Amino acid sequence: MILAIETSCDDTCAAVVDGAEILANTISSQDEAHARFGGIVPEVASRHHLELTAPVVECALEEAGVTLDQVEAVAVTAGPGLIGALLVGLSTAKAIAAPRKLPLIPVDHLQGHVAANFLAPEPLEPPFLCLLASGGHTLLAGVRDHSGHEVLGQTLDDAAGEAFDKVARLLGLGFPGGPALQKLAEEGDPEAFGLPVAMARDPGLDFSFSGLKTAMVYLCRDLGEDGVRERRADLAASFQMAAIGQLTAKLKRALKRGDWGAVALGGGVAANGPLREAVAALCEERGLRLKLVPLRLCTDNAAMIASAARFAPALPYPEYLPYDAFPSSRLPVPAP
Ligand code: KG4
Ligand code: ZN
């Protein structure tokens, strides 16, 4: 029985997981708190985590029908993420674990997204290829076992979700912009503006979204305020098609290079309907198994952290007391 805490970005999350079964997966979104700033403000996120972490943990325990006495280990996202936000979760996890002399399991956030696929029902067994696209990360992970992944390619600049959010802002949509942009794109013509698919001719597996974002900035400037208002749906649809085109082009290339029998999608952008459809079509065409976890497990949550913790080293009490959070990725998670 693992209690997990995730506070790496702007969602305060706690979960209780028993083996691969989720007993509770509580998420308190801070979207409203950041919306008026048009993006995530790290200091605002930390302050909200400070207020929300304890009640969110209590809520998860209550929903699971479990007391702290039944918890066998405490898992927590140790990085990568916003350092102030991570520290709140890590300190809370230590404060819960230490008085009970429970082990602490520090988890890498990206491995958490990968491990969302190991949860019931129908857990996906490695090996598989996982495309992770969120507001903070975009990468292709080669998953050969439960305990880690190999980064086959990643974004050289903006994350895919970040590009959705910035372009959504250009089009006057709220934050986070991904879902609103997808909705607007439904009414538009994806071929209205011939936006190039970035990195299409690049032989590697890395991504880049800043060129596409800049192309959108110039396009909007040339169209002028009235032009943008008139063509908003076409702009959204064209951007979305180019962004998805890049994600699927790199996925195809990675499939060609490795002998993968299954594909998984993770991160907030995996909630994008047309991306899910494009990847589903690709997998069907090639006879590959496709795992699409429910949307609640795609975006940040603590059940995925508990899932990764099942396969990560646990630090015994009191070894973890000096353990520090890390803002940048450093897989595998090291001992203190
Ligand atoms: O994984 P996540 O919840 O948090 C991070 O770790 O970043 O991902 C949030 C990101 C945001 O950038 C949001 O705009 C994007 O996922 N997103 C979407 C959609 N739903 C969420 N992007 C495109 N289409 C969507 N339907
Ligand atoms: Zn994430």
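These legends walk through several views of one predicted model, from the whole chain to single residues. Residues are numbered from 1 along each chain as its sequence is written, and chains are lettered from A, with ligands numbered from 1, in the order in which they are written. Local features need pLDDT of at least 70 and side-chain atom pairs count only at pLDDT 80 or more, while totals for chains, interfaces and linings use all residues; side-chain values use heavy atoms, leaving out hydrogens and water.

View 1. Helices (H or I, at least four residues) and strands (E, at least two) are DSSP runs, numbered from the N terminus. Along the principal axes, the C-alpha trace spans about 60 × 45 × 30 Å. Of the 336 residues, 54% count as buried; buried means under 20% relative accessible area, exposed over 50%, and partly exposed in between (1.4 Å probe, protein chains only). Contact means heavy atoms within 4.5 Å. Among contacts between residues at least 6 apart in sequence, 72% join residues at least 24 apart.

**View 2. The largest nonpolar core, with its 80 residues.** A nonpolar core is a set of buried Ala, Val, Leu, Ile, Met, Phe, Trp, Tyr and Cys residues joined through side-chain atoms within 4.5 Å. Phe-128, Leu-171, Leu-181, Phe-239 and Leu-251 touch the most other members. Helix H7 (residues 210-257) gives the largest share of this core, 17 residues. Apart from this core lies another, of 29 residues, among them Val-76, Ala-78, Leu-102 and Tyr-323. In soluble globular proteins, nonpolar side chains tend to be buried together.

**View 3. Leu-171 and its contacts.** Leaving aside neighbours within four places in sequence, Leu-171 is in contact with Leu-181, Leu-184, Cys-220, Val-228, Arg-232, Leu-235 and Ala-236.

**View 4. Pro-179 in helix H6 (residues 178-185).** Is Pro-179 buried or exposed? With 58% relative accessibility, Pro-179 counts as exposed. Pro-179 and Ala-271 are 92 residues apart in sequence, and their C-alpha atoms are 8.1 Å apart in space.

**View 5. Ser-307 in helix H10 (residues 303-309).** Ser-307 has a relative accessible area of 0% and is buried. Not counting residues up to four places away in sequence, Ser-307 touches Ala-115, Phe-118 and Leu-119.

**View 6. Cis peptide bonds at Pro-80 and Pro-127.** Gly-79 and Pro-80 are joined by a cis peptide bond, with omega about -10 degrees. Pro-80 sits in the loop between strand E4 (73-79) and helix H3 (83-97). The bond from Pro-126 to Pro-127 is also cis, with omega near 5 degrees, and Pro-127 lies in the loop between helix H4 (109-115) and strand E6 (128-133).

**View 7. Positive phi at Lys-101 and Glu-122.** Lys-101, a residue other than glycine, has a positive phi near 55 degrees. Its place is in the loop between H3 and strand E5 (104-108), and Lys-101 is exposed, with a relative accessible area of 55%. Glu-122 has a positive phi near 55 degrees as well. Glu-122 is found in the loop between H4 and E6 and is exposed at 60% relative accessible area.
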